[in-house]
Amino acid sequence: MDVVVIETPQLGDRTYLVHDGSVALVIDPQRDTDRVEEAARTAGVRITHVAETHLHNDYVTGGLVLAGKLGAEYLVNAADNVSFNRSPVSDGHVLQVGRLTVRVVATPGHTHTHLAYVVREDTHDGGMEAVFSGGSLLYGSVGRTDLVSPEDTATLAHAQYSSVRKLVSSAAPEAALYPTHGFGSFCSIGPASRANASTLAEQSASNHALTDPSEEHFVAELLENITAYPAYYAHMSPLNAAGPGPADLSVPDSVDPEELGRRLGSGEWVVDLRHRIAFADDHLNGSVGFEYGNGSNFTSYLGWVIPWEQPLTLLGSRTEVEKAIRDLARIGIDSPDAAVGPDGDAGNGLSRLAPGVPHSSYPHGDWSVLLRERQPGDVVLDGRRPDEYKASHVDGAINVPVYELLRRTDGLPRARIWVHCATGYRASVAASLLDRAGRDVVLVDAKYRDAAAAGVPLSRQDSV
């Protein structure tokens, strides 16, 4: 048995191609299935089965499209209310994928109908085992239990406690563990782990969900650590239940300059993908900055901040736009328009893409600039989550998480606003939103962990 890991770091998820050298099972494929097909070609195997651990809340699945294209069986929980044909499976179901035996284990917690898959290689000496846990048992933690509904959160937390114990008893201690979530995904909850691989035995010795002897204590701790998650999550499970179609990853023809100017002037969402400092120094008036970079924060925060199903125009180089389109397709934002400039021509390209459109800019600096230039009456805005703010924050700062800024901007003081976050990324998005709203803003492009050493007074008082 071989397991090929297909990473999606932009969402903190993994897809798995499990094969015996001839045929393969795919578990939890992302919507851009070309990566899975390429992995199968590289391994020289044929995909005969595609399996879902659950109806995902953080991305649009590619399972239905992949299975249909390849003529593979599509394994989905029999209890899931879906609008497409599937091969229904449930707890205890056993099937063969070449020389691999696949056993289905019901593991409610992340969702009511969550499944895990225990895969065993059939050999004369017993073979190896691997456990594909989806959003159940993760490295160091578990999948969050509040995505179904507030009323079900505690019940699912209790179910999660029982499910992870059931799961570790379903395979040998040395079985390798392969979760879908837990690599930066907002679907995980509890202590973060930097592990890239683990076994059931290792998790049994270190994972708080398995070491805590008190179910009540575990549940209380889980509920206490629930934090905000992206707003687009509300749309993912319904899309997956309806049966999503294929992703269109093509780069559209560039929007003509006159039309781009009209969109900016009418307040449509034009998203500039350049580096946050390049955006701060010079951008088209009315655009917002979501730095693409390596894409690690782009997808989640754009889907979180910009209202769902609004017309969207991407502004950037062809390389940036192409990558952004792929990332957005994973969360159901299909076929955005684009104003495409040449690679490596960030600044001069703006004028060519929209001649006659006024430009804007705002200052930026590190903590030393804040200390040196902040004036009495200026406001410091912390764009992090409330739990981050509560743990520690700049003395006197107000907390408006970036994902709440659109609806709360009108309530902010009419003063110069210095905006920061943990790394500068969320602050850059917030600064661009404030600039778009006509506010006087300064981007603090610095890591929060460096604030104290720079001499910035910090407070640990509760959020206000």
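**Close-ups of a predicted model**

**View 1. Helix 10 meets helix 11.** The axes of helix 10 (residues 298-305) and helix 11 (residues 318-329) come within 10 Å and cross at roughly 65°. What you're looking at is a predicted model, where local features need pLDDT of at least 70, side-chain atom pairs count only at pLDDT 80 or more, and totals for chains, interfaces and linings use all residues. Residues are numbered from 1 along each chain as its sequence is written, and side-chain values use heavy atoms, with hydrogens and water left out. Helices (H or I, at least four residues) and strands (E, at least two) are DSSP runs, numbered from the N terminus. Axes are lines fitted to C-alpha atoms, for helices over the stretch in contact, and angles run from 0 to 180 degrees between N-to-C directions.

On the helix 10 side, Phe298, Thr299 and Leu302 make the contact, and helix 11 brings Ala324, Asp327 and Leu328. Contact here means heavy atoms within 4.5 Å. Sorted by type, the residues of this contact are four nonpolar, one polar and one charged. (Ala, Val, Leu, Ile, Met, Phe, Trp, Tyr, Cys and Pro count as nonpolar, Asp, Glu, Lys and Arg as charged, and the others, Gly among them, as polar.)

**View 2. Helix 10, tucked inside.** Eight of the eight residues of helix 10 are buried, so the rest of the structure largely encloses it. Buried means under 20% relative accessible area, exposed over 50%, and partly exposed in between (1.4 Å probe, protein chains only). What covers these buried residues? The cover includes strand 15 (269-272), strand 18 (312-317), helix 11, helix 15 (405-408) and helix 16 (425-436).

**View 3. The largest nonpolar core.** This core has 55 residues, and Val271, Phe290, Phe298, Leu302, Leu312 and Leu314 have the most contacts inside it. Helix 16 gives the most to this core, with seven residues. A nonpolar core is a set of buried Ala, Val, Leu, Ile, Met, Phe, Trp, Tyr and Cys residues joined through side-chain atoms within 4.5 Å. Now pick out Leu302: leaving aside its neighbours within four places in sequence, Leu302 is in contact with Val271, Phe290, Leu312, Leu328 and Ile333.

View 4. The open sheet has the order 21-26-25-22-24, and its pairing is parallel. Strand 21 (364-365) and strand 24 (398-399) stand at the edges with a single partner strand each, so one side of each has no neighbour in the sheet. Two strands pair if DSSP finds at least two bridges between them. Strand 25 (residues 417-420) and strand 26 (residues 441-444) pair over three bridges: Trp418 has Val442 as its bridge partner, and Val419 stands opposite Leu443. Two bridges join strand 21 to strand 26, where Gly365 is partnered by Val444.

**View 5. Two faces of strand 26.** Val441 and Leu443 point one way from strand 26, Val442 and Val444 point the other way, and all are buried. Helix 16 lies across strand 25 and strand 26, running at about 170° to strand 26.

**View 6. Gly190 in its loop.** Gly190 sits in the loop between strand 13 (188-189) and strand 14 (198-199). Gly190 counts as partly exposed, at 39% relative accessibility. Leaving aside its neighbours within four places in sequence, Gly190 is in contact with Ser141 and His208.
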